[in-house]
Amino acid sequence: MLRLCILKLCLAMKGTGRSERLLSQIYFKNHNRFNDVICWGCRRGYAQRSSSLTPPIYTLHRLLDRISFDFPATLSTVTKEKYDEYGNKRSRKRYKHLGMLLGSLGFVVAFCDTSHFKEKRFFRAVQYGNVSELKRSIADGIDVNIRHPLGWTALQTAAINQREEIIKILLDNGANVNAEDNFVNVYRTAMEKGLHSLDVLTKREEEFSDRLNNRATFQGFTALHYAVLADSETCVKALLDRGANPTIENEAGHRAVEYAKEGEIKEMLVKHAIKYDEIVKEKEAEERRRFPLEQRLKQHIVGQEGSISIVASTIRRKENGWIDEEHPLVFLFLGSSGIGKTELAKQLAAYIHRNKSDSFIRLDMSEYQGKHEVAKLIGAPPGYVGHDDGGQLTKLLKKCPSAVVLFDEVDKAHPDVLTVLLQLFDEGRLTDGKGKTIECKNAIFIMTSNLGSDEIAEHAMQLRAEAERLINHRLANITENQEPERIEISRNFKDQVVRPILKNHFRRDEFLGRINEIVYFLPFSRAELIELVARELKTWAKRAKERHMIELKWDREVLSVLADGYDVHYGARSIKYEVERRVVNQLAAAHERGELGKGCCVLLKAKWHESGASITLSVQKKGSEKFVDIVETDKLTKNISSKFL
């Protein structure tokens, strides 16, 4: 009998990845008197010596029962307890093989994934409302925010199964009330996980809920969405009382209230949504007062005081409801390359949409120089190749109609492409190749161009004086933003210099007439160049510390020397390249020669000559107090600005 039992364990173990599957294949009838041992796989009975082996097999059955439901941390402890219990009652000689039998079972279970059992037990307790088992799992240190292998959380499981008490326990122990479901649908999840769709369907029904539509998509559903689907008023109330956000939209763009039936649940959701929106608006308004948009943008953008003021004032009107809601905002950023136009658009999107990935759409208009490129923008018409793929712009606007859209280098686009943008800028809607209209009146459209950059550079002194006047005005009068007309720079320069250039290029007044604000980006001042160099050196100092354990320092004079490498036509990029040529190249060469080791400190110094200046390196070895100069490799530079080609 011993050999038969061990043989059945081995057969069950063969091809079994987890212990739950092993135990599901073995069944021991639980009666006061043992009658039979049955393997569900073959239905053969082994009861010839059942009467004499009842106590040992009963011990094995109780052990399996403990493993299947209690999952003790130490299997050997349970084995010893059961062995001692029956060993003390009867002669140990009669049960000399019991230890071997239990040891074999312990060996099998030890190779199984016990951590998976803990998670399985946790989710099963949540699903069936087993409070004691749930508390035991939490006491064992289970993470209440752990996700099922297929993507859902325990709180979502409790919500769909209407377990109000379980919901409260999970929330009391730190469950994320607004966590979103990663489960898409049966077929999509099966493809992503590399499973058979039938296996995914079975797990979804057995371990989550069997009342949901198998073909529906559930990505982005929160526990509140599932509580509404379950039509459980008590669960919905419990979630709302603990801070559930009723305004969260799932992947399809639907709030929980849209799944509610007419009645108290829907009224409750609407009431909480209105209250929640008011609270969020008050918090955002208070945050804007404490930390204005101008300050946020200046953390990432050097200089451009006038540009930031114009953009921030326009966005402020939009945020506070002082804007025409029938038309989107359209900006045109003018200035030379590498001066902050694209970066300002990125930071604006991050501020408005809280760093959502699909909230910023960037289109390089140099890819739309041909007449046929219109189809790539809005989608090919019916009957043409690529009709089902949709357009690059229309697809992204469908996902986020209020996105910040950047048309980079718009002056390079074909005139027919600009014609398509007329409807977009004027009415805030766009018709794709399939004939569907996309409403995007809440979107913000930004175009960048290098047109007039030379004229702006030549007129920089006048524009710089205007920007300095704005700074002084802000310091003298905090309420400057209440008079937006005062922050417009050089109206005469716009009309007499820049506008003729734009009109000559675009050749249509209706296109220029749809632009709300033309924003001018000025060349950097000397102080701003010093700040740019300092930021670039700090970036390389951080990399040196993280990658090579090398500390990088520099003298103040180094900033001035590197700032001389600025080229007005390339903007901040010229500073980046100057630092790489004159500093990073030396660091790499010294590192290759073995002169820089882990834990050392490198000091950048400026060495002046009659014909120019050079950057030298001094190294302080780990444990040393003196700096040693490295052989100078940076050549003398007479005119750094003229070298940047």
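Which residue forms a salt bridge with Glu580? Lys576 does, and the closest N and O atoms of the two are 3.4 Å apart. Keep in mind as you look around that this is a predicted model.

## Salt bridges

Let's stay with that opening pair for a moment. Lys576 and Glu580 are 4 residues apart in helix H27, so about one helical turn separates them. Lys576 is partly exposed, with a relative accessible area of 31%, and Glu580 is partly exposed too, at 26%.

Are the two partners buried or partly exposed? Arg316 counts as partly exposed at 25% relative accessibility, while Glu294 is buried at 6%.

## Aromatic rings

To describe a pair of aromatic rings, you give the distance of the centres and the angle of the planes. A search of the whole structure turns up 16 aromatic pairs. Take Phe333 and Phe521: their ring centres are 5.1 Å apart and their planes are at 55 degrees, so the pair is tilted. This pair links distant parts of the chain, 188 residues apart, with Phe333 in strand E3 (residues 329-334) and Phe521 in the loop between strand E9 (517-520) and helix H25 (526-548). Both Phe333 and Phe521 are buried.

Phe425 and Phe511 make another tilted pair, 6.1 Å centre to centre with 45 degrees between the planes. Here the partners are 86 residues apart, Phe425 in helix H20 (residues 415-427) and Phe511 in helix H24 (residues 509-512). Phe425 is buried at 2% relative accessible area, and Phe511 counts as buried at 0%. There is also an aromatic cluster, made up of Trp152, Phe183, Phe208, Phe218, Phe221, Tyr226 and Tyr259.

## A negative patch and some positive phi angles

On the surface, Asp231, Glu233, Glu264 and Glu267 gather in a patch of negative charge. Glu233 belongs to helix H13 (residues 233-241) and counts as partly exposed at 37% relative accessibility. Asp231 lies in the loop between helix H12 (223-229) and H13, and it is partly exposed at 41%.

Most residues other than glycine have a negative phi. Asp231 has a positive phi instead, near 60 degrees. Gln162 is not a glycine either, and its phi is positive at about 60 degrees. You'll find Gln162 in the loop between helix H8 (154-160) and helix H9 (164-172), where it counts as partly exposed at 37% relative accessibility.

## Far in sequence

One last stop is Tyr570, in the loop between helix H26 (556-563) and helix H27 (572-592). How many residues apart in sequence are Tyr570 and Ser336? They are 234 residues apart in sequence, yet 7.0 Å apart in space, C-alpha to C-alpha. Tyr570 itself counts as partly exposed, at 35% relative accessibility.

Terms used:
Residues are numbered from 1 along each chain as its sequence is written. This is a predicted model: local features need pLDDT of at least 70, side-chain atom pairs count only at pLDDT 80 or more; totals for chains, interfaces and linings use all residues. Side-chain values use heavy atoms; hydrogens and water are left out. Patches are made of residues with over 30% relative accessible area and no salt bridge: like charges are joined within 9 Å, nonpolar side chains (Val, Leu, Ile, Met, Phe, Trp, Tyr) within 5 Å. Accessible areas come from the Shrake-Rupley method with a 1.4 Å probe; for residues, only the protein chains shown count as cover. A salt bridge is a side-chain nitrogen of Lys or Arg within 4 Å of a carboxyl oxygen of Asp or Glu. Lys and Arg count as positive and Asp and Glu as negative; His and the chain ends are not counted. The place of a charge is taken as NZ of Lys, CZ of Arg, CG of Asp or CD of Glu. Helices (H or I, at least four residues) and strands (E, at least two) are DSSP runs, numbered from the N terminus. Buried means under 20% relative accessible area, exposed over 50%, partly exposed in between (1.4 Å probe, protein chains only). Rings of Phe, Tyr and Trp (its six-membered ring) pair if their centres lie within 6.5 Å; planes under 30 degrees apart count as stacked, over 60 as edge-to-face and the rest as tilted.
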